[in-house]
Amino acid sequence: MDMKEVVYVVSDSVGETAEFVVKAVATQFNGGQVDIRRNSYVEDEEDIEDVIMVAKQGRSIIAYTIVVPALKAYLDKRAQEEGIYAVDLLNPLMNAFEKKFNKEPNHQPGMMRKLDDEYFRKIEAIEFAVKYDDGRDPRGILRADIVLVGVSRTSKTPLSMYLAHKRYKVANVPIVPEVKPPDELFQIPRSKCVGLIISPDKLNEIRTERLKALGLGARANYASYERILEELDYAEKIMKRVGCPVINVSNKAIEETAGLILDILKSERSFG
């Protein structure tokens, strides 16, 4: 009876990358019927010796992602001594990077996990921005890293999304004279809130274009100077009550305003 093929996945980190590669290759052979045994967080020669001892007992391969040079050298040496086929999944590509791009590798385990964590934090921040956009749920105000307040068309939503891509959880709250601001807005530290203001002329221009795009015409109250002045005056009062710093977004790109927001928050928190 044939002995079952075993691949020992060895890593000085989690080992997910190595296991994924092994599975991808295994599917090309008999539908992937290979026993994969993961050995994560290998830290010393004793850990490697444990794998060597079991791997030499049967039909097996060691596939590894080890970036610490001393551990890699020891595994290669012991595998050769015991007649075990050991495959380094990272080194050929690392060598290519080193030679072609003239860069030295960090030789630090777990760097991929760090990148994954940053990616998932970004996704979480984007989902947060969508969920708490335009004051949909005031509970988001208490959970946010940054809270943006301002009248309609002061770039609150695009700013929230831009900052989310930098892994900040942002809630934004529209200021409307007919609607009482949520109580949560006055419960957060002023260091996490920023008010967005805009000149009446610029706001009139933006809102007029918005109405045209919606096919509503410029006559609507939304774009009238009287309405705009009323909203801006009310927003100013709310921002003063909150005590938050204020940015005029009239002629600023999203990137510029976002940079100012982060600068303000860093300054506020360092003196808070």
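Predicted model: local features only at pLDDT ≥ 70, side-chain atom pairs only at ≥ 80, totals over all residues.
Tutor: Residues are numbered from 1 along each chain as its sequence is written, and side-chain values use heavy atoms, with hydrogens and water left out.

Student: How much space lies in the second largest pocket?

Tutor: A pocket here is an open set of points on a 1 Å grid over the protein atoms alone, where a 1.4 Å probe fits, with protein on both sides within 12 Å along at least five of seven lines. Grid points are joined across faces, edges and corners, and the volume is the space filled by probe spheres set on them. For the second largest pocket that comes to about 430 Å³.

Student: Which residues are the closest to the centre of the second largest pocket?

Tutor: Lining residues are those with an atom within 4 Å of a point. The second largest pocket has 18 of them, and the closest to its centre are V7, V25, F29, V34 and I61.

Student: Which element gives the most to the lining of that second largest pocket?

Tutor: Helices (H or I, at least four residues) and strands (E, at least two) are DSSP runs, numbered from the N terminus. Those giving two or more residues to this lining are β1 (6–11), α1 (16–26), β3 (60–65) and β4 (85–88). With four residues, the top contributor is α1.

Student: How do the residues of that lining divide into nonpolar, polar and charged?

Tutor: Ala, Val, Leu, Ile, Met, Phe, Trp, Tyr, Cys and Pro count as nonpolar, Asp, Glu, Lys and Arg as charged, and the others, Gly among them, as polar. On that basis the lining of the second largest pocket has 13 nonpolar, three polar and two charged residues.

Student: Why do the buried residues of α3 line one face of the helix?

Tutor: Buried means under 20% relative accessible area, exposed over 50%, and partly exposed in between (1.4 Å probe, protein chains only). In α3 (residues 69–82), the buried residues are L71, K72, Y74, L75, R78 and A79. Taking the directions from the helix axis to the C-beta atoms, these residues line one face because they fall within an arc of 165 degrees.

Student: Which elements do the buried residues of α2 pack against?

Tutor: The buried residues of α2 are I48, E49, V51, I52 and A55. Seen down the helix axis, they fall within an arc of 165 degrees, so they too line one face. With contact meaning heavy atoms within 4.5 Å, their partners are β1, β2 (35–39), β3 and α3.

Student: How far apart in space are V6 and I61, C-alpha to C-alpha?

Tutor: V6 is in strand β1 and is buried, with a relative accessible area of 10%. Not counting residues up to four places away in sequence, V6 touches V34, D35, R37, R59, S60 and I61. V6 and I61 are 55 residues apart in sequence, but their C-alpha atoms are separated in space by 6.5 Å.

Student: What is the phi of R167 near?

Tutor: Most residues other than glycine have a negative phi. R167 lies in the loop between α7 (156–164) and β6 (170–174), and counts as partly exposed at 36% relative accessibility. Its phi is positive, near 75 degrees.

Student: Where is Y41 found?

Tutor: Y41 is not a glycine, yet it has a positive phi of about 50 degrees. Its place is the loop between β2 and α2.

Terms used:
Expected span 1.5 Å × (residues − 1).
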